[in-house]
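Let's take a walk through a protein model together, one stop at a time.

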Amino acid sequence: MQAERKVISSLLVVVFSLFTGLAIAAGDQKVALKADKAGKGASGTAVIVDKGGDQKEVTITAKGLKPNSVYTVWLVNMKPKMDMAGLGGGDYSFKSDDKGNASYTATIGSADLSKWQVIDLAYHPSGDPKNAKELMNTALIGKLKK
């Protein structure tokens, strides 16, 4: 029984890796998200997939976040001036699970996405994603490719 689980787990890893590789090879983008001050020990990826019709789907997966905590997702430019916009709809937020894992998916126009330099996950210790004072609590950050 345990050997069967290992075989199935190995096959799932291979299949997932194959699909991820095919998606990236098809012109899609994978962005490594690295820990910043509010995300020590965390890591993640943002996979950007062309959905056709000038639409991109951004799927973020993260681990090592603070358990049961609220985060928001932002697109940021540092130059020529600092500017930012939320990614997705509503309050751009998600909550990590009790183990610090999370995922978030949003759709954005290709032209809109191409305007941005960085993707940023902000940690909200108050649990309120609308608390703008907490936007500088960067947990994960990744550079978007042009």
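Which side chains meet in a salt bridge at 3.6 Å, N to O? The partners are D112 and K115. A search of the whole structure finds one salt bridge, and this is a friendly place to begin. Please keep in mind throughout that you are looking at a predicted model. K115 counts as exposed because its relative accessible area is 52%, over the 50% cut-off. D112, with a relative accessible area of 39%, is partly exposed.

Now step back for the overall plan. The protein has two helices and nine strands. If you trace the chain along its sequence, these elements come in the order α-β-β-β-β-β-β-β-α-β-β. The protein has 146 residues, and 36% of them count as buried.

The C-alpha atoms of Q55 and A111 are separated by 8.6 Å, while the two residues lie 56 residues apart along the chain. Leaving aside residues up to four places away in sequence, Q55 touches V49 and D50, and also T107, I108, G109 and S110. Its relative accessibility is 30%, so Q55 counts as partly exposed.

Next, the aromatic rings. How many aromatic pairs does a search of the whole structure find? The search finds four. One of them is formed by Y71 and F94, whose rings are stacked, with 5.6 Å from centre to centre and 15° between the planes. This pair links distant parts of the chain: Y71 sits in strand β4 (residues 70-77) and F94 in strand β6 (residues 93-95), 23 residues apart.

Another pair joins W74 and Y92. Their ring centres are 5.2 Å apart and their planes meet at 65°, so this pair is edge-to-face. Because W74 lies in strand β4 and Y92 in the loop between β5 (83-86) and β6, the pair ties together parts that are 18 residues apart in sequence. W74 counts as buried because its relative accessibility is 12%. Y92 has a relative accessibility of 23%, so Y92 counts as partly exposed.

If you go back to Y71 and F94, you can follow ring pairs that link them with Y104 and Y123 into a cluster.

Now for some details of the backbone. Which peptide bond is cis, with omega near 5°? It is the bond from K79 to P80, and P80 is found in the loop between β4 and β5. Two other loop residues deserve a look as well. D54 is not a glycine, yet it has a positive phi of about 65°. You will find D54 in the loop between β2 (43-52) and β3, where its relative accessible area of 45% makes it partly exposed. N68 also has a positive phi, about 50°, although it is not a glycine. The loop that holds N68 runs between β3 and β4, and N68 counts as partly exposed at 45% relative accessibility.

Which residues make a nonpolar surface patch of about 360 Å²? They are M78, M82 and M136. M136 lies in the loop between β8 (118-124) and β9 (138-143). Its relative accessibility is 63%, so M136 counts as exposed.

Definitions and conventions:
Residues are numbered from 1 along each chain as its sequence is written. This is a predicted model: local features need pLDDT of at least 70, side-chain atom pairs count only at pLDDT 80 or more; totals for chains, interfaces and linings use all residues. Side-chain values use heavy atoms; hydrogens and water are left out. Patches are made of residues with over 30% relative accessible area and no salt bridge: like charges are joined within 9 Å, nonpolar side chains (Val, Leu, Ile, Met, Phe, Trp, Tyr) within 5 Å. Accessible areas come from the Shrake-Rupley method with a 1.4 Å probe; for residues, only the protein chains shown count as cover. A salt bridge is a side-chain nitrogen of Lys or Arg within 4 Å of a carboxyl oxygen of Asp or Glu. Helices (H or I, at least four residues) and strands (E, at least two) are DSSP runs, numbered from the N terminus. Buried means under 20% relative accessible area, exposed over 50%, partly exposed in between (1.4 Å probe, protein chains only). Contact means heavy atoms within 4.5 Å. Rings of Phe, Tyr and Trp (its six-membered ring) pair if their centres lie within 6.5 Å; planes under 30 degrees apart count as stacked, over 60 as edge-to-face and the rest as tilted.
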